[in-house]
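Subject: Structure handover and notes

Dear colleague,

I am handing over the structure we spoke about, and it is placed just below so that you can look at it alongside these notes.

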Amino acid sequence: MNCQECQEQLTAYVEGLLDEPTRRDAEAHLQSCPGCRAECEKTRGLRARLTADAETTAQTSLAGPVMDAILRKQTSKLRRIAMLKKYTRAGLVPAAATIAAAVILCYAMLGGGASLSLAEVQAAVAEQSWVHVTYDTGPFVEQWVCLADGNTYCKRRDGDVVFADWARNLRYWYDQRARYISVDQPATCPGGQVPPWQPQTAWQHVVGPYEQLAGEPAPTAGVETEHDELDGKKTIRFDLYYKDATGKDILLTQLWADPKTRLPVRRRDRLQLAHRKQFKQEWATGLYDFPPKGPSSLYDLGVPRDVPVRKQLAPEHWAGEVRKVVEAAEQARQQFPRRYRAVVWRDQQRSEIDILYRDGVRIRQERYFSLDPAGEGGKAAQYSLAVPTTPEKILEWARGQVPVSIGLADGETEYSRRNSLPWHNRTTTVRVLKYRKRDLLAKGSRPEEIQWPLDRMGPPEILEHTPETPAGCIALRFEGGNSRSDYYVDPSHDYICVKQLQWRTRDGKWEKERESWLFDLRRLPGRQWYATRRLFIGYGDSTRNISSSKLFWNIDVEVLEDGQFPAGTFDGEKLLEGAKVESY
């Protein structure tokens, strides 16, 4: 992580909204960079100022004058811009609301919106103890926030349930599929202490950020305010816009609030593309209510009481020997060449073929599909690759083909193109997003992912003298609920994970679900090892209609120098040609 990437993540880092890999990257950079450490402390100071502001004497509320001004100018619509930092979804809010969470942070850093005395806030909290919002569609079912202590609950449509304990800085996540509760610390705070939660009114918590930032200019997002009617009642509508990677303004969130009762009423959050396709809806609508009592634990939201609880620790808190092994594997991964061309294929007539180019943070992935030459009445022969084959023959064949998909990340923007092909009746589309470090390119084909797939959430344990352990390897086990992952790393070959086992419990017994092997290891010019063959075995599951399988892949890596990449390899603008562009 460089300085620019670190500073873009600082606000999310301070608020504890980064996922574990990104948080560790940020902490590693902060330890080595005095300038970014100073910026981090400045951000923490601004965040601390918010908590102090709540204890000051009462000031004149901005809410009344702002609402009166809006009501006097019902026909006017003023576009206001508010700075948003890049946020990583923490699992407690919808994707559009995650970006809105950045508005909340900026609101906090500006010193808050409508200021009330502590007595006024306490009186309001006594009347409205909880903010509860239920969604009609999308990945989230409902969310609860306690205005007195900040505790937050979220029930997801996939069956997962999340509880964030503000005071103890703990997040409890029930994984419905794996059937266990993981516990981690989502926020990193000065001295390890979380700032005390200050009681808030429902208006302050939900509406205040939009109200405050309606007049704050910034380049990447905006808030519009307008008088509106909702179910025959006069309301104020706040529209949150976001400037996407193509420079277009996208309406992300609409929030309706009642200026008389000073309560939020309804919200609409635009679903991300994957969720729009999954739920066949563009928007998720949330309705607010304010019950006097809320959940007291995950179990109140349907989590079984007999599931195990497992505390997740960051690698710096793992046992010494385990930490050394994982750190050595990570170091080997970082030393793998950052400029290369890779080809990944199977020696089967009908199969996927991946061609990858990497130049530092810039990555391009082309996916092709070789068809059965006898298919489509013989018309598919031109899309068929003769097997067995070589990387050179694949590259020559690919020059006359149209990729099924192309993914490209250039360090600033990410592109994902799906082409219209003769055997696919679909429109060519390109999805364009701002780069978020952990890109959305297709997984499982990059040499780094294949060779070092270790789960970073733990702690794992070292297995001693297991019959499954290949000679000379170290066995690591990550376990939670009804699933476990075993990784067998080879210290003599750059700690490559030469074997991986996935287990699940069935009828109280552990059974293999799938396994993979890496073999035929070779050295690159820089002396790094890489595997040229991969075997995947799936054991099937009749209860889930999954058949058994056995697949072999070939992997070829060629280290490149600057100037050896094909012309236009990392030109994202070319991917937009002749395609429908989607940007959120």
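This is a predicted model: local features need pLDDT of at least 70, side-chain atom pairs count only at pLDDT 80 or more; totals for chains, interfaces and linings use all residues.

**Overall picture**

The protein has 584 residues, of which 52% count as buried, and its secondary structure comes to 11 helices and 27 strands. Among contacts between residues at least 6 apart in sequence, 56% join residues that are at least 24 apart.

**Helix H9 and the cores**

To stay with H9 for a moment, its buried residues are Val-322, Val-325, Val-326, Ala-328, Ala-329 and Ala-332. These cover an arc of only 155° around the axis, so they are on the same side of H9. The elements that cover the buried residues of H9 include strand E20 (461-463), E21 and E22.

The largest nonpolar core has 35 residues, and those with the most contacts inside it are Val-326, Phe-336, Trp-452, Leu-454, Leu-476, Ile-496 and Val-557. Helix H9 (320-335) supplies at least two residues of this core, and so does each of the strands E14 (339-345), E21 (474-480), E22 (483-490), E23 (496-506), E25 (529-538) and E26 (549-559). In soluble globular proteins, nonpolar side chains tend to be buried together.

**Cysteines**

How many disulfides does the model contain? The count comes to 0. A disulfide is a covalent bond between the sulfur atoms of two cysteines. For Cys-473, the nearest cysteine sulfur is that of Cys-497, at 8.5 Å, whereas a disulfide would need the two sulfur atoms within 2.5 Å, and Cys-473 is therefore in no disulfide. With a relative accessibility of 15%, Cys-473 counts as buried, and Cys-154 is buried as well, with a relative accessible area of 0%.

**Charged residues that are buried**

Asp-269 lies in strand E11 (residues 263-270), and because its relative accessibility is 1%, Asp-269 counts as buried. The side chain of Asp-269 makes a polar contact of 2.9 Å with the side chain of Thr-253, and another polar contact, of 2.8 Å, joins the side chains of Asp-269 and Arg-267.

Glu-513 belongs to strand E24 (residues 509-523), and at 13% relative accessibility Glu-513 counts as buried too. Its side chain makes a polar contact of 3.2 Å with the side chain of Arg-514.

**Loops and backbone geometry**

Most residues other than glycine have a negative phi, and most peptide bonds are trans.

The peptide bond that joins Val-387 and Pro-388 is cis, with an omega of about -5°, and Pro-388 is in the loop between strand E16 (362-370) and helix H10 (391-398).

Arg-179 is not a glycine and yet has a positive phi of about 60°; this residue is found in the loop between strand E6 (170-175) and strand E7 (180-184), and at 35% relative accessibility Arg-179 counts as partly exposed. Arg-527 also has a positive phi, of about 80°, although it is not a glycine. The loop that holds Arg-527 runs between E24 and E25, and Arg-527 is exposed, with a relative accessible area of 53%.

Lastly, is Pro-422 buried or exposed? At 61% relative accessibility, Pro-422 counts as exposed, and its place is in the loop between strand E18 (413-418) and strand E19 (429-434). Pro-422 and Val-402 are 20 residues apart in sequence, and their C-alpha atoms are 10.0 Å apart in space.

With best regards

Note on methods:
Residues are numbered from 1 along each chain as its sequence is written. Side-chain values use heavy atoms; hydrogens and water are left out. A nonpolar core is a set of buried Ala, Val, Leu, Ile, Met, Phe, Trp, Tyr and Cys residues joined through side-chain atoms within 4.5 Å. Buried means under 20% relative accessible area, exposed over 50%, partly exposed in between (1.4 Å probe, protein chains only). Helices (H or I, at least four residues) and strands (E, at least two) are DSSP runs, numbered from the N terminus. The arc is that of the directions from the helix axis to the C-beta atoms. Contact means heavy atoms within 4.5 Å. A polar contact is a pair of N or O atoms within 3.5 Å; within protein, one must be able to donate a hydrogen and the other to accept it, and residues adjacent in sequence count only if both atoms are side-chain atoms.
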